[in-house]
Amino acid sequence: MTESAPLDVDLALLGGGGAASLLLAALDRHGVHDLRIAVVDPVRRRGQDRTWAFWGHPGTDLDPLLSASWHQVEVATAARRRVLDLTPLRYAMLRSGPVYDRAAAAERRLDATRIVAPADTVTDDGTRVRVRTGDGRTVRAGWVLDSRPRPPARAGRTTWLQHFRGWWLEADRPVFDPARAVLMDFRTPQPPRGVSFGYVLPVSDRYALVEYTEFSPDLLTDAGYDAALAGYRDLLGLDPAGLRVREVENGVIPMTDAPFPARPSPRVIRLGTAGGATRPSTGFTFSAMYRQADQVARALAAGRPPVPQAAYPRRHRWMDAVALRALDRGGVGGPDFFDRLFDRNPAERVLRFLDGATTPAEEVAIMNSTRLLPMIAATAGDAAHRVRDRLRPTRPAPAVPPAVVGAQPSIRPHGGGAPGPPGSEDDVAAR
Ligand SMILES: Cc1cc2nc3c(=O)[nH]c(=O)nc-3n(C[C@H](O)[C@H](O)[C@H](O)COP(=O)(O)OP(=O)(O)OC[C@H]3O[C@@H](n4cnc5c(N)ncnc54)[C@H](O)[C@@H]3O)c2cc1C
């Protein structure tokens, strides 16, 4: 293919990460085999570069790919440990390797063309979209589904990051309870501005992902993450002498009320984090990506344009903006906020709320479980800030910084190799 011979396709997927992998699988599942598809990404994603945790009903096509799932989870604060029964939902862990493998198999069955280069420019004339790639090629597409990472259209009123480091820990003896995951453990020392918590996702009684997470404006240093994670390990009463770190997982996810336009031009649809699938108040993204992949595939299978519903209803984005503001401006303490949510609502309602799937009446109940005065102050502050934003020129949003990639962790892997959890690679993947 040269400049004189553009590649003509019906669908061009720009970015081949989480959102695109779920979309390829959904297209295959819904039998969309008569479209010409191109996938453009400078990287062919494979292996374990992230672990997705999410909740939902069991019995989907993801079930065979899961590493673990739990009907019970714990939420802990300094005052109490609460065990939540999620039935009929369950919390699940999905490693990226099986997701990428399944997408690669779908891509072959869909006979998609893979272009291993960045997509540089995207020009939409309203009837076709012209994509120029970094290696000088041109793709002409009926529709573009764009999940390349990008900053929001303008700065948010609150700009936080969810940033974390996790260790896949292998223990010499049974120390984890595989029957339940720790969803959020707020006993970690709280940062001056922001919220921190640890969590534990056990795959067996000797193997678990243990993470330290912060919701806050700034990243820590490499040593800072290691120290925080070692502190959380000690809080769990785990003896470092009996543990091996088998893999390390780092990440940064935007938590902001800044806008991520889902349809920047008539024939370009943004998916994944770039399209607003990341929930501002939690950083959870997976369920919205999965939902939208299914909607796009169903639409195409029915001969309709590949336009999914908004990742979250508008009123949820407003509630998230208020909650983020209340947390950021110090009106509400993070552990107290989440503790009250789980204390005063059935866990299943809170989780459906976080997926944007509650009714307005349920949302009133959720709002009523938060502290009233700081939330009223945050609501008023948010409204005033919106007015100010309308009156002054748009400020560009800062880019989301890449995750801190550290040296080897302080507990070093040593020799031998018991197999990793289902679907894992047996290597230490410090990124
Ligand atoms: C370590 C980690 C753990 C996470 N865990 C969870 C979790 O437990 N639960 C949850 O709900 N969410 C989680 N997330 C958030 C979210 O689900 C993931 O970030 C998810 O991968 C987002 O999918 P995406 O397609 O938007 O972006 P990505 O998966 O990052 O894919 C973007 C793709 O675009 C490609 N690209 C970049 N530039 C170009 C270009 N110019 N042209 C073409 N392609 C380009 C990249 O190579 C990449 O393949 C996690 C994120 C990280 C980083």
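Helices (H or I, at least four residues) and strands (E, at least two) are DSSP runs here, numbered from the N terminus. Keep in mind that this is a predicted model.

The peptide bond leading from Thr 87 into Pro 88 is cis, and its omega is near 10°.

**Around the ligand**

How many residues surround the ligand? There are 29, and the closest are Gly 18, Asp 41, Ala 53, Thr 285 and Phe 286. Three of these names come back when you look at the ligand's oxygen atoms. Asp 41 uses its side chain: an N or O atom there is 2.6 Å from a ligand oxygen. Thr 285 brings in its backbone instead, with an N or O atom lying 2.6 Å from an oxygen of the ligand. For Phe 286, a polar backbone atom is 2.7 Å from a ligand oxygen.

**How the helices pack**

Two packed helices are described by the angle between their axes and the distance between the axes.

| Helix pair | Angle between axes | Axis distance |
|---|---|---|
| H5 (314–328) and H9 (372–391) | roughly 110° | within 8 Å |
| H6 (334–344) and H7 | about 125° | 7 Å |
| H7 (347–354) and H8 (360–368) | about 105° | 11 Å |

Take H5 and H9 to begin with. Their axes cross at roughly 110°, so the two helices are roughly perpendicular to each other. The crossing is right-handed. On the H5 side, the contact involves Trp 318, Ala 321, Val 322, Ala 323, Arg 325 and Ala 326. H9 answers with Pro 374, Met 375, Ala 378, Thr 379, Gly 381, Asp 382, His 385 and Arg 386. Sort the residues of this H5 and H9 contact by type and you get eight nonpolar, three polar and three charged.

Next come H6 and H7, which pack at an angle of about 125°. That makes H6 oblique to H7. Leu 341, Phe 342 and Arg 344 of H6 meet Ala 347, Arg 349, Val 350 and Leu 351 of H7. The residues of this H6 and H7 contact split into five nonpolar, no polar and two charged.

H7 also packs with H8, at an angle of about 105° and with the axes 11 Å apart. H7 is therefore roughly perpendicular to H8. From H7, the contact takes Arg 349, Val 350, Arg 352 and Phe 353, while H8 supplies Glu 362, Glu 363, Ala 365 and Ile 366.

Methods
Residues are numbered from 1 along each chain as its sequence is written. This is a predicted model: local features need pLDDT of at least 70, side-chain atom pairs count only at pLDDT 80 or more; totals for chains, interfaces and linings use all residues. Side-chain values use heavy atoms; hydrogens and water are left out. Axes are lines fitted to C-alpha atoms, for helices over the stretch in contact, and angles run from 0 to 180 degrees between N-to-C directions. Angles under 35 degrees count as roughly parallel, over 145 as roughly antiparallel, 65 to 115 as roughly perpendicular and the rest as oblique. A crossing is left-handed if the near helix is turned anticlockwise from the far one by less than a right angle, and right-handed if clockwise. Contact means heavy atoms within 4.5 Å. Ala, Val, Leu, Ile, Met, Phe, Trp, Tyr, Cys and Pro count as nonpolar, Asp, Glu, Lys and Arg as charged, and the others, Gly among them, as polar. A residue is near a molecule or strand if one of its heavy atoms lies within 4 Å of it. A polar contact is a pair of N or O atoms within 3.5 Å; within protein, one must be able to donate a hydrogen and the other to accept it, and residues adjacent in sequence count only if both atoms are side-chain atoms.
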